[in-house]
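Reader: Can you put the structure up? I'd like to go through the backbone and the ligand site.

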Amino acid sequence: MEHDDFAPLLARAHAHAGAFLDALPERFVGARAGREALLAALDRPLPGTGEDAAAVLDLLAAQAAEGTSACGAPRYFGFVIGGALPVALAADWLVSTWDQNAGIHAISPLAAATEEVAARWLLDLFDLPRESGVGFVTGCQMAHFTCLAAARHGVLARAGWDVETDGLNGAPRIHVVASEEAHVTLEVALRYLGLGTGALVRVETDGQGRMRVDRLREVLPTLPGRVIVCAQAGNVNTGAFDPLRGIGEVARAHGAWLHVDGAFGLWARASADAARRGLADGIEQADSWAADAHKWLNVPYDCGVAIVRDAGVHRAAMTATAAYLIPAGGQERDAVDWGPEFSRRARGIPVYAALRTLGRDGVAGLVDRCCARARQFAALLSAEPGVAILNDVVLNQVLVRFGDDDALTRAVVAGVQADGTCWASGTTWHGVAAMRISVSNWATSEDDVATSAAAMRRVFHRSRAQGAEGVADPGPLTSR
Ligand SMILES: Cc1ncc(COP(=O)(O)O)c(C=O)c1O
């Protein structure tokens, strides 16, 4: 390899990327190729002698057309997956080109300064305490990990226990309170942190999946010692918000740490619509907040945000020091103080680029447009006899049930995925099968929603005409 190889290979990659992006809006939305087909094309014994780099790129690009889902396409409604804003993707390319280790300021002053500003802008946008610590992590999973590590530090320090030095052996017990509908990544974070899922005390939810404050009020006095309460802003199925003001008051009265999962819901704080912002009323009372930028800010994977009110506690839980490191010491920001990674890419740079390009109005427009499209989906689908919307569409999530029948609903989900006009995933909601639509992409237009709703109706009619016996039930579809 020579330095001169960069230009032709990057030009080739650019051409492949252009072709991929050009096809994105109209291509088959799901992935067509599975493991077998992809391995047939990709799997070889490790070559003894290296192969031509351009040919390797061509091979990967050819497989990308079939082996990827069109996650960035305007008719992709699966899970809660944001698209990528053009400027965020372009900035991400530069991040790869600059190849900075963004762990410490001494290596990358640019990454450190950019993330310092992006962190400040996010606190401003979300209207959270401006002195909070902010870490850019891979996603909401690691944002939970980071925030709950800070929570663990905070509640144990109050009990005179230094968890970073002494670990959890013999430590005072911590109870973690979360609703029955808390996202699974919260449990995973508890496992990583040595608290264990056994520390979880579940609180019942209401019909929309919101934590019941009356039940929380009863539960907290039964828990002696240190308590972390985890609330949710944006239920992964319904988009519903826990009653955060009430939860905050109860948690504070009990001296508990309050953490909020705002993977996508925290972005409601950026809405121009007062009622939508009001869904998150009281969220500012929390001690920590986890959110994703790769969801509703539409930066490419991967980027989550961990925010902790007490920056000192945040830093104490995360910081890494070693003799050979060059700690910033002054005003400069070392990313290792705010997240669990040591070496990492400068993932805050696309966040900076997106926020600066969109501005406050642009972020509000992105959020509010997606919510309007979700309501459009609900209106179009509920107008169809036999189709029911199961949730109050307060945000960007829509739960749809077909023919009030599990097998039929699952068959419609599978049929829609096979049809390729759009892509939506399935879930089981309060014991019944449902299709789950999440509108999280800047590019989704009214036409996209109309076209997708028409495809869903078409598949519903076809599946129903085939009759219950003819309907292939693909089995339970779980949510993520
Ligand atoms: C409410 C909620 N919390 C956490 C997560 C996990 O986020 P990530 O996949 O970025 O780790 C998700 C993902 O959809 C989510 O919807």
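Author: What follows covers a predicted model, taken topic by topic.

Reader: Start with the ligand. How many residues surround it, and which are the closest?

Author: The ligand has 14 residues around it, and the closest are Gln141, Asp261, Asp292, His294 and Lys295.

Reader: What's the shell like by class?

Author: Six of the shell residues are polar, four are charged and four are nonpolar.

Reader: Which side chain has an N or O atom 2.8 Å from a ligand oxygen?

Author: That is histidine 294. Backbone atoms take part too: a polar backbone atom of glutamine 141 is 2.7 Å from an oxygen atom of the ligand, and one of cysteine 140 is 3.0 Å from a ligand oxygen.

Reader: And how much of the ligand does the protein bury?

Author: The protein buries 86% of the 400 Å² that the ligand exposes when taken alone.

Reader: Switching to the backbone. Where is the cis peptide bond?

Author: Between tyrosine 301 and aspartate 302, with omega at about 0°. Aspartate 302 sits in the loop between strand E6 (288-292) and strand E7 (304-308).

Reader: Which non-glycine residue in that loop has a positive phi?

Author: Asparagine 298, with phi at about 60°. Asparagine 298 also lies in the loop between E6 and E7.

Reader: Why flag these at all?

Author: Because most peptide bonds are trans, and most residues other than glycine have a negative phi.

Reader: Is asparagine 298 buried or exposed?

Author: Buried, because its relative accessibility is 0% and the cut-off for buried is under 20%.

Reader: What about aspartate 404, what's its phi?

Author: Phi of aspartate 404 is near 45°, again positive in a residue that is not glycine. Aspartate 404 belongs to the loop between strand E9 (397-402) and helix H14 (406-419).

Reader: Buried or exposed, that one?

Author: Aspartate 404 is exposed, with 62% relative accessible area.

Reader: Last topic, strand E10. How does it pair with E11?

Author: E10 and strand E11 (residues 432-438) pair in the antiparallel sense, over five bridges. Tryptophan 429 stands opposite valine 432 in E11.

Reader: What's in the turn?

Author: Two residues separate E10 and E11 in this hairpin, and histidine 430 in the turn has a positive phi of about 45°.

Reader: And why call E10 largely enclosed?

Author: Because four of the five residues of E10 (residues 425-429) are buried, the strand is largely enclosed by the rest of the structure.

Methods. Residues are numbered from 1 along each chain as its sequence is written. This is a predicted model: local features need pLDDT of at least 70, side-chain atom pairs count only at pLDDT 80 or more; totals for chains, interfaces and linings use all residues. Side-chain values use heavy atoms; hydrogens and water are left out. Buried means under 20% relative accessible area, exposed over 50%, partly exposed in between (1.4 Å probe, protein chains only). A residue is near a molecule or strand if one of its heavy atoms lies within 4 Å of it. A polar contact is a pair of N or O atoms within 3.5 Å; within protein, one must be able to donate a hydrogen and the other to accept it, and residues adjacent in sequence count only if both atoms are side-chain atoms. Accessible areas come from the Shrake-Rupley method with a 1.4 Å probe; for residues, only the protein chains shown count as cover. Ala, Val, Leu, Ile, Met, Phe, Trp, Tyr, Cys and Pro count as nonpolar, Asp, Glu, Lys and Arg as charged, and the others, Gly among them, as polar. Two strands pair if DSSP finds at least two bridges between them.
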